[in-house]
Amino acid sequence: MRAGDISDTLIDRLHRVFGGTPGFLVQVRTWLGTGDLGGWEDEIPEDAPLEDARRLYCEQLMLPRLYALLPEAAQALVSRLAVSELPLPLDGLAQLADGAESATSIERAVEYGLAQRFAETDQPPLYAVPGLIRNWLIEEERLSPAARRAADGALARFWKAIYERDREDELRVSVDVGLLACRTHALRAELQEERNWATTRLSNLWNARAEWKAARAILEEIPDDERDGRIWHSLATIDMREGSYPAARGNFAKSQVIKQAIGDKAGEAATWSNLATIDANEGNNPAARSKFGNALSIMQAIGDKVGEAAVWNNLATIDLREERYPTARDKLSKSLAIVQSIGDKAGEAAILHQLASIYANERNYSMARDKFGKSLSIMQSIGDKAGEAAVWHQLAVIDATDRNYLVARQKFNKSLAMRQTIGDKAGEATTWHNLGLITWATGRKPEGMKLVALSVSLLQAIGSFEKGQAEKTMSNMCRELGYSRQQFDEMMTAVVASYQQDRGAALMNAAFPAG
């Protein structure tokens with residue numbers, strides 16, 4: 001500028017067009033030191049609209065000249081890096097470089113403003129392409145469709161390895177973001193194995209958080225004929241949690257056929273366990289014990305301690321329902337010893353919940369509250385919303401048994417809100433049933449019966465065996481209130497319509513009026 005080689009007019013126009021554009025100063029400094037600016041002022045019309053000027057300067061003048069300054073290996077690497085939406089470390093770049101030296105190439109791209117380096121103390125540097133130039137770098141004249149697909153494939157495998165080696169913190173991303181990246185690149189590269197792998201794990205992650213709608217949505221994007229045993233199993237698990245037992249049994253059966261065909265013993269055992277859980281939920285305890293036995297034999301044979309602990313826990317649950325408390329406690333002790341030895345917090349919380357239930361059934365409420373409290377603390381720490389809702393429900397049952405109805409209602413409300421949020425229809429129905437019993441016990445009998453009626457409606461909709469007890473309770477209430485068949489039918493119709501309108505809010509307000 002001082003020598004007069006670069007006009008003030010050009011600098012002014014560059015600033016107006018590119019002011020605020022990431023990497024602009026780096027690119028301009030690079031070009032000023034290496035390039036020839038002759039003729040730039042004449043190449044862009046003075047009256048060109050801002051966006052057109054930016055595009056012309058960037059895509060027709062600056063970027064082609066800067067890109068041409070890079071060695072061929074650096075050009076290939078920076079274009080492949082542009083395929084990634086997330087910054088990558090040097091080992092990720094090495095996979096993109098396809099055997100070529102990557103560290104020097106990426107630093108040259110950084111010097112020319114075509115890549116960015118993100119460095120943090122005690123963390124490896126990460127590299128990315130500025131968003132404004134990504135599309136230009138991956139245009140077909142710079143990156144062929146085959147090379148782009150190869151880059152997507154390399155990135156899918158890279159993010160899979162990141163998950164398997166637990167390196168998300170090092171790369172400053174969450175687990176679900178890393179899995180989404182793996183899945184996205186696998187879809188682009190048409191890698192079915194990596195796509196199914198990432199989809200299953202991402203769905204399981206969301207399923208564990210009770211984000212069932214999102215978990216189901218990504219699974220159902222995969223065509224039926226491309227689903228493997230893991231996909232069918234994950235879909236069945238969501239069906240089961242939502243109380244859709246026929247659909248769950250059908251999807252588990254599809255998964256089981258595939259797992260047995262490929263010799264996946266761990267997967268086969270998990271499916272037996274889930275099929276047994278459906279039987280147990282439907283009240284078929286003999287069938288549930290038989291299937292849990294199949295699962296237990298396989299898990300013990302392959303050394304699956306986590307699975308074995310879960311099966312002992314489930315078998316204890318059946319004993320608990322049959323009021324065989326000593327037998328249930330023995331099985332739970334076996335399960336607890338295993339989960340504590342391997343540091344399985346989720347399993348420990350579930351077993352503590354079961355032990356608390358035994359104490360509650362034995363009317364040892366002090367011990368029950370203690371075990372429920374420990375279980376609740378663990379479930380909250382690991383984000384188990386379904387488990388937390390179940391514990392709040394059980395604590396409320398104890399309060400209701402002690403006739404501390406106000407405190408019980410507060411805890412039932414916490415459980416109800418969580419269960420509605422995560423879509424747990426069976427759990428929601430159970431909570432409505434107990435709220436109805438409280439309402440009835442406090443003298444608001446018609447309002448209490450309506451809450452029990454809502455519970456019956458929800459249990460009937462999902463085909464739960466527990467509807468029988470709820471129907472019996474409602475029948476006794478109708479008899480005491482002297483309801484005719486017509487009055488009963490009208491009440492049920494009104495309850496269902498009210499729930500469809502506001503998910504039970506009006507029924508709740510009527511049962512527990514303010515003040």
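Trainee: How do I read the handedness of a helix pair, say where α11 passes α12: left-handed or right-handed?

Mentor: Two packed helices are described by the angle between their axes and the distance between the axes. A crossing is left-handed if the near helix is turned anticlockwise from the far one by less than a right angle, and right-handed if clockwise. Here α11 passes α12 in a left-handed crossing. Helices (H or I, at least four residues) and strands (E, at least two) are DSSP runs, numbered from the N terminus.

Trainee: Where do these coordinates come from?

Mentor: This is a predicted model; local features need pLDDT of at least 70, side-chain atom pairs count only at pLDDT 80 or more, and totals for chains, interfaces and linings use all residues. Residues are numbered from 1 along each chain as its sequence is written, and side-chain values use heavy atoms, with hydrogens and water left out.

Trainee: At what angle do the axes of α11 and α12 cross?

Mentor: Axes are lines fitted to C-alpha atoms, for helices over the stretch in contact, and angles run from 0 to 180 degrees between N-to-C directions. For α11 (residues 192-208) and α12 (residues 212-220) the crossing is roughly 165 degrees, and the axes come within 8 Å. The two helices are therefore roughly antiparallel (under 35 degrees is roughly parallel, over 145 roughly antiparallel, 65 to 115 roughly perpendicular, the rest oblique).

Trainee: Which residues make that contact?

Mentor: Contact means heavy atoms within 4.5 Å. T199, L202, S203, W206 and N207 of α11 meet W212, A214, A215, I218 and L219 of α12. They divide into seven nonpolar, three polar and no charged (Ala, Val, Leu, Ile, Met, Phe, Trp, Tyr, Cys and Pro count as nonpolar, Asp, Glu, Lys and Arg as charged, and the others, Gly among them, as polar).

Trainee: How do α22 and α23 cross?

Mentor: The axes of α22 (residues 405-422) and α23 (residues 425-441) come within 9 Å and cross at roughly 160 degrees, which makes α22 roughly antiparallel to α23. This crossing is left-handed. Among the α22 residues in it are Y405, F412 and R419, and the α23 side includes W432, L435 and I438. The contact residues divide into eight nonpolar, six polar and three charged.

Trainee: Which residues touch the most other members of the largest nonpolar core?

Mentor: A nonpolar core is a set of buried Ala, Val, Leu, Ile, Met, Phe, Trp, Tyr and Cys residues joined through side-chain atoms within 4.5 Å. The largest has 56 residues, and V78, L96, L114 and W159 touch the most other members. Its largest share, six residues, comes from α9 (residues 145-164). Apart from it lies another core, of 31 residues, including L435 and F488.

Note on methods:
Buried < 20%, exposed > 50% of the residue type's maximum accessible area, 1.4 Å probe, protein only.
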